[in-house]
Structure formats: structure tokens, C-alpha cells
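Here is a walk through one protein model, taken a region at a time. Keep the coordinates open and follow along.

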Amino acid sequence: MGVQKKNASRVSEDPDELVRVPLQAILLADSFTTKFRPITLERPKVLLPLVNVPMINYTLTWLESAGVEEVFVFCCSHSKQVVNYLEKSEWFSQPNFTVTTIESQNSVSAGDALRLIYERNVVHGDFVLISGDTLSNMSLTQALKEHKERKKKDSNAVMTMVIKRSKANPAIHQSRLGTDELFMAIDPNTKQLLYYEDKADHSKGTLHLDKSLHVDNPSLTLHHDKQDCYIDICSPEVLSLFTDNFDYQHLRRHFVKGLLVDDIMGYKIFVHEIHSDYAARIDNFRSYDTVSKDIIHRWTYPLVPDVMNFANTAMKLERQGMYRASEISQSQSAVVGPFTVIGSDTKIGNNTKITNSVIGEGCKIGSNVVIEGCYIWNNIVIEDGCKLQHAIVCDGVIIKSGAVLEPGIILSFKVVVGPEFVVPPYSKVSLLQKPIEEDSDEELEYADSTSAIGSQVDKSDVEIVSQVDNTHFSPVSELGMGGAGHVWSTCEGGHEEEWRHSVAPIPKDKILEAIKTMEDDMELIHDGSFLPTSGELKPNSNDSDDDDLEDSRDDSYYFEKEVEATFLRAVHENIQESHLILEINSLKLSYNKLTADCAGAVFYAMMKYALDSPHNSADGLLQNVQVVFTKWKKVLRSYLTDIDEQIEVILKFEEMCSEYAKEFAPLFTKILHHLYNEDVVDEDAILSWEDEKKDADEADKVFVKQAQKLIQWLKEAPEEDDDE
């Protein structure tokens with residue numbers, strides 16, 4: 001399917017086994033959630049386009065490349081759509097890769113699905129458990145090897161969960177994927193999972209652990225810097241455990257937590273942490289936005305638009321991360337910005353501007369249209385003068401001239417927005433009316449069929465199409481003259497979830513409010529009743545100083561990487577400087593860093609961006625540096641409150657000149673002089689830096705010697721000023 005298999009991904013069975021069992025996978029094509037409504041009332045989540053490719057294709061492509069040979073796709077909601085799509089696709093004709101669908105109209109949870117699969121007796125060995133909204137490029141080799149070796153030594157080791165380091169935003173207790181802050185307790189030696197909680201009570205600033213955890217596990221590490229990738233390697237016993245316990249419905253809340261507190265059976269769960277590989281589950285609209293951007297920025301390679309060729313939708317990668325399909329009609333006056341995807345047969349009118357967006361196939365976009373941060377699916381008409389910001393627009397929608405979509409809007413299939421109409425922020429609009437009753441627990445995976453909404457979902461696709469076609473198009477509707485669609489009302493408490501789980505950036509006032517609350521609570525740290533913000537808590541007081549030092553270095557590394565990623569996102573998405581400063585301040589609190597650490601990290605991010613930007617010579621690199629500092633120096637200056645922070649910037653520059661000696665070392669003095677002229681570092685900082693180097697080794701004086709002319713000039717300049 002366009003992605004090559006990774007070598008040695010399959011782990012063979014023991015030589016003494018007579019029959020080789022192929023590596024199998026269970027793919028749940030139903031998330032059993034309601035978070036993507038109203039869209040999923042008409043189309044299953046796994047078939048929604050993710051950068052113009054149905055989600056399930058990413059999951060199947062990864063499984064095939066990772067060495068899985070047989071996949072059982074479990075279909076429930078809109079099962080006929082999923083089955084029909086797979087039957088018409090290339091997946092049913094792949095050599096050495098078998099895809100089999102299992103349909104059920106009665107399953108209302110992941111637990112029900114696994115019980116049904118157990119009854120079918122189709123799984124014969126270890127298997128990968130994954131949902132069709134998960135994307136990864138990791139190799140399974142090491143994780144499978146660890147799982148099998150543990151199982152040989154301990155038959156109770158039934159499951160290995162894949163995790164990845166990912167700090168949550170400490171202000172809003174939410175990850176970049178829009179998921180809740182996750183707390184895990186892990187044995188650092190065996191990697192056994194001992195505690196799992198994604199619904200901690202943040203209001204009290206405390207986390208309560210059972211004393212037995214400390215008694216039974218003298219070496220224990222508590223993390224709140226991990227992301228659950230929702231990729232599990234399971235032994236066959238997992239299926240029988242679901243069959244034996246009908247209370248197991250939700251995979252994490254019931255099954256994982258149930259095994260962790262079950263002292264009788266003694267089953268164990270372990271974790272496998274990935275570092276450079278990518279893995280993420282699309283849980284809500286914010287993670288849909290985040291993962292889409294990750295794909296466009298190629299963090300998911302080889303699962304990227306120019307490689308994922310499905311249904312002859314070949315994409316060509318151009319400069320600045322732009323992807324274009326064939327047969328696009330674009331006016332010469334139209335501007336398509338960086339990190340934008342344009343599907344085939346799409347027409348773009350005069351003076352239209354599109355930035356940081358994904359445009360599907362067969363769209364007709366008029367003149368003087370502004371589209372920013374949007375996901376425009378297929379066969380959509382956007383007439384002249386419209387403005388769209390951070391919205392999802394589904395197939396067949398018509399947006400009439402002059403209409404405005406405020407941030408966070410979801411327009412479901414075939415909705416019509418009237419001319420000059422302004423759709424309010426975070427609105428969810430559908431031709432289908434919002435169900436009268438909803439399950440109070442939005443997180444309940446089996447909410448679809450246990451609530452009154454189930455009657456809506458269980459309708460056949462033909463019935464839904466009929467209901468949509470019969471929608472009354474009134475001259476004056478909720479969406480203006482000639483509009484068509486129902487604006488779903490927000491339930492009590494729903495406003496909080498709107499901005500948390502939206503494709504729109506988190507509002508500045510919400511971040512300010514959250515940071516203020518967090519700063520008020522910081523005094524709890526000093527009396528020892530608050531969880532350390534470093535992300536790890538080691539109850540074992542015998543941990544060595546060396547371990548603490550190593551953890552500190554790890555934190556510094558990840559802090560710099562997160563600041564760099566945050567800065568790049570601000571550049572690419574044109575985020576305001578003040579908003580960027582707020583995000584970096586959140587990271588500062590999260591990692592418990594000093595202002596000097598922020599100064600060094602921001603400086604590194606700015607210089608690295610200048611280095612990675614196109615240039616053909618040293619003068620070109622110097623010009624890049626000047627351009628970056630002209631635009632973003634206000635952000636850096638906010639962390640240069642005294643001379644120590646300025647010296648930290650110079651020291652960080654020295655490090656970069658050693659790391660990128662060929663590029664930066666020859667320009668050290670020129671760039672340092674530019675920093676002086678831009679008031680990033682002042683005379684006292686440069687002279688103090690020189691003074692600190694007096695007793696240093698000769699190897700550490702290289703750049704001081706290189707900058708002697710500048711330093712001498714600074715020393716003489718004050719005398720000239722005095723004479724004047």
C-alpha cells in the first residue's frame with residue numbers, strides 16, 4: 001500500500017513449536033464514544049478523512065508494515081459502511097496480509113467486542129489490540145520480544161501497553177492531544193504498570209496511592225509525563241478475562257484498572273516506552289487537529305500525504321510543506337500558504353488566501369475567501385468573500401457569499417450556511433436534529449446504544465440519508481436566508497469541553513485564567529503536599545544522586561525540545577507573541593525551570609529555526625538570524641530580566657557553535673554583535689562572560705578569543721562616551 005515493511009518486524013515462535021502462529025491483530029472500527037458527533041451520526045469515525053485519507057488506512061498501513069499478517073476488523077456502528085469500504089479497497093487483495101471483518105449490531109462496548117471475538121475462536125496466539133483511529137510508525141520488534149520473554153518467565157504477564165513521553169499542559173491539565181493528564185506508577189526495573197489514573201482530582205493538588213503499592217514495590221516511579229498510545233500487545237488470556245468478567249467494558253477504566261487491583265488472579269500489565277517513534281490516538285477534535293499537523297509536518301513518516309497513495313489521490317510535496325494533488329485550478333492571485341494540503345479537482349478563485357489548512361477533493365472556493373487552520377473535506381462550495389477560521393467542514397456543505405465561520409465550528413454533511421451569516425464559535429451544526437436525551441457520562445465507551453441516541457445510531461444508512469434528504473429547507477433558518485441545518489445546543493457544563501476539545505487554539509483568556517489558578521496553588525509545593533512538577537516522584541529514598549542528576553538532564557532535554565516544538569508551532573501557525581509566552585510559561589512551571597532555562601531554550605529554538613530555514617551561504621544564515629530576531633526578540637526579551645539570563649544566552653550560543661561548528665562557529669562574533677545591537681545582551685553581560693572564562697581551559701576560551709575585537713571595542717566605547 002505504498003509503505004515498505006520494516007525488516008525483522010515479525011517475531012518467530014520457539015523452534016520447538018511445531019506450528020508457527022502468524023502475528024494477528026484486532027482492530028476495533030468503533031470507538032464506542034460520542035465525541036465526534038454530529039459527524040458520526042452519518043459516517044463511522046474510522047472512515048473520516050485524516051489529511052484526505054480515511055483514518056482506518058493509517059492503522060492498517062502501519063499494521064502491515066509492522067509485520068502483522070492477519071487483522072480482524074470489528075465493526076459495529078455503521079458497520080455496512082466500513083465493510084463496503086474495505087471490500088472495495090485494496091486491503092482485501094494484499095499478499096501475506098489478510099483482513100477479515102466481524103460485524104455485530106448488539107455490541108455496545110469494547111468489552112462486548114472482545115467477548116464476541118473470543119467466541120469466534122479466531123485468535124490463536126499473541127495479538128496486537130488497536131482501534132481504527134490510532135496512527136503510528138513504530139516497530140513492534142522490541143515490544144513483542146519483551147512481551148514474549150516476560151511471558152516465558154511469568155505466565156501472568158498478559159499485556160504490554162505502549163506509552164510515550166508527553167508532558168501535559170500544567171495549567172489546563174491536558175495534553176496536546178486534548179486528553180486528560182495521565183498518572184502512572186511504574187516499576188522502573190521491571191516496567192510493570194502498578195497504577196493508572198486519568199481522572200485525578202486536580203482541585204486538591206494531591207494524588208492518593210494505596211500504601212500497599214509502596215510496601216510491595218520498594219522501587220516505584222510515579223509519572224505524569226506519559227501518553228497512552230492505545231497500542232496493546234496481548235496474550236490470548238486477555239480475551240478469556242473479558243469473557244469471565246462481564247463488568248469489563250471500557251479497556252482502560254474497567255479492564256486495566258481491574259487487573260491492577262485484583263490480588264487474587266495476579267495478572268500483570270507491563271509498559272513499553274517508545275522515544276523517537278510516533279504514536280497517537282485521535283480521541284477528540286483537538287487530537288484530530290494535532291495529528292493532522294503532525295502528518296503534514298512529517299513526524300509520522302512514512303505515513304505522510306506523498307506516500308499514502310489511496311484511490312489514486314497522489315500528492316506532490318512542494319516547498320514549505322505544501323502538498324498538491326493533480327488537476328488543481330488555482331488563480332494566479334490566490335495565495336496558498338505553507339503546511340497546506342490541496343486535493344485533486346479543487347478550484348481556488350481570485351485573491352483567496354489559504355493557510356495551515358487541508359482542502360479535500362472537488363471543492364469550489366470562490367474569490368476573496370480567507371481560510372485559516374481549517375479542514376475542508378470533499379465536494380464543498382465556498383462562495384465569494386467568506387471567512388473560515390479553525391473549523392471542520394464535512395462533505396457537500398455549501399457556504400454562501402460573505403458568510404463567516406468563527407473558530408471551533410463543526411459543519412456536518414450537506415449543511416448550508418446562508419449569505420453574510422456569522423456562525424458563532426464552537427457551534428456544531430447538522431441536518432439531523434440533536435437527540436433529545438444523551439447519556440450523562442460522555443466518556444462511557446458504550447454510550448451509543450445505552451442511551452436514547454442509540455435509536456438514531458442504529459438506523460440503517462439508507463434511513464439516515466432519507467431523513468437528511470427530507471430535511472425542511474425554510475427561507476429563514478437557524479443559518480440565515482436559504483440556510484439548512486440545526487445548531488446543536490450545548491448541554492450544561494459543555495462550554496468547558498468545547499474549547500478544550502476543539503480544533504481551534506485554546507483561548508488566551510483561558511490560559512491566563514488557568515495559569516493564575518496554578519500560581520495561586522504553587523504555595524502547596526513548599527509545604528510538601530503537591531505533586532512535583534518534574535513529572536516523576538520516587539518514593540524510594542535510597543535513590544542515588546547519580547539517578548537524580550540523570551533525571552534532571554532528561555528533564556532539561558525534554559524541556560528544550562518542547563520549547564522548540566512550541567516555538568515552531570507559533571511560527572507556522574502565526575501565533576501571537578503574547579500567546580507564545582504564555583505557553584512557554586506553562587512549560588516552565590511544568591518542568592520546574594528557572595527563567596534562565598527559558599531564555600536558553602527560546603534562544604536555541606530561534607537559532608535552530610534560522611539554521612533550518614533555506615540559505616546558501618554564511619551571509620544567508622546571518623540574514624536568517626537577523627530576520628528571526630527582528631520578529632521574535634520580544635519573546636526572548638521577556639526571559640532576560642537580569643544579567644544571568646543574558647549570560648545563559650551567550651553560553652547557549654557557545655554550545656550551538658560547538659554542535660553546529662561548520663555553520664555557526666565562523667559567525668560567532670557577528671551574531672553576538674547583532675544580539676548586542678538588538679538589546680538582547682548588553683555590554684555588562686558580554687564582559688562578565690569574558691571574565692568568567694579567565695580561569696577556564698583553553699578549549700573553553702575559543703569563542704572569547706574570537707570575539708576579542710568586539711570585547712575590546714565595548715571596553716573602549718564607555719571612555720569615548722564619557723569624553724563626549
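This is a predicted model. Start with a charge above a ring: Arg281 lies over the face of Tyr230, 4.8 Å from the ring centre. A second case involves Lys631 and Trp632. Here the charged end of Lys631 sits over the Trp632 ring, at 5.1 Å from its centre.

Now turn to ring against ring. Two numbers describe a pair of aromatic rings: the distance of the centres and the angle of the planes. The model holds 15 aromatic pairs. Take Phe668 and Trp689. Their ring centres are 5.8 Å apart, which falls within the 6.5 Å limit for a pair. Their planes meet at 40°, so the pair is tilted; stacked would need under 30 degrees, and edge-to-face over 60. Where do the two rings come from? Phe668 belongs to helix α21 (residues 668-677), and Trp689 to helix α22 (residues 683-692). The pair therefore ties together parts that are 21 residues apart in sequence. Phe668 and Trp689 are both buried. They are also members of a cluster.

Next, find helix α3, residues 110-120. This helix is mostly covered, with 8 of its 11 residues buried. The buried residues are Ala110, Gly111, Asp112, Ala113, Leu114, Arg115, Leu116 and Ile117. What do they pack against? Four strands are on the list: β1 (24-28), β4 (70-75), β5 (98-103) and β6 (127-131). Helices α6 (237-244) and α7 (251-261) are there too. After α3 comes Asn121, which has a positive phi, near 55°.

Move on to the strands. An open sheet of 6 strands runs in the order β17-β20-β23-β26-β29-β32, with parallel pairing. Its edges are β17 (329-330) and β32 (416-417), each of which pairs on one side only. Look inside the sheet at β20 (residues 347-348) and β23 (residues 364-365). These two strands pair in the parallel sense over 2 bridges.

Finish with the cysteines. How many disulfides does a search of the whole structure find? The count is 0. Are Cys363 and Cys394 buried or exposed? Cys363 has a relative accessible area of 1%, so this residue is buried. Cys394 is buried as well, at 0%. Both values fall under the 20% cut-off for burial.

Note on methods:
Residues are numbered from 1 along each chain as its sequence is written. This is a predicted model: local features need pLDDT of at least 70, side-chain atom pairs count only at pLDDT 80 or more; totals for chains, interfaces and linings use all residues. Side-chain values use heavy atoms; hydrogens and water are left out. Rings of Phe, Tyr and Trp (its six-membered ring) pair if their centres lie within 6.5 Å; planes under 30 degrees apart count as stacked, over 60 as edge-to-face and the rest as tilted. Buried means under 20% relative accessible area, exposed over 50%, partly exposed in between (1.4 Å probe, protein chains only). A charge sits over a ring if NZ of Lys or CZ of Arg is within 6 Å of the ring centre and within 35 degrees of the ring normal. Two strands pair if DSSP finds at least two bridges between them. Contact means heavy atoms within 4.5 Å. A disulfide is a pair of cysteine sulfur atoms within 2.5 Å.
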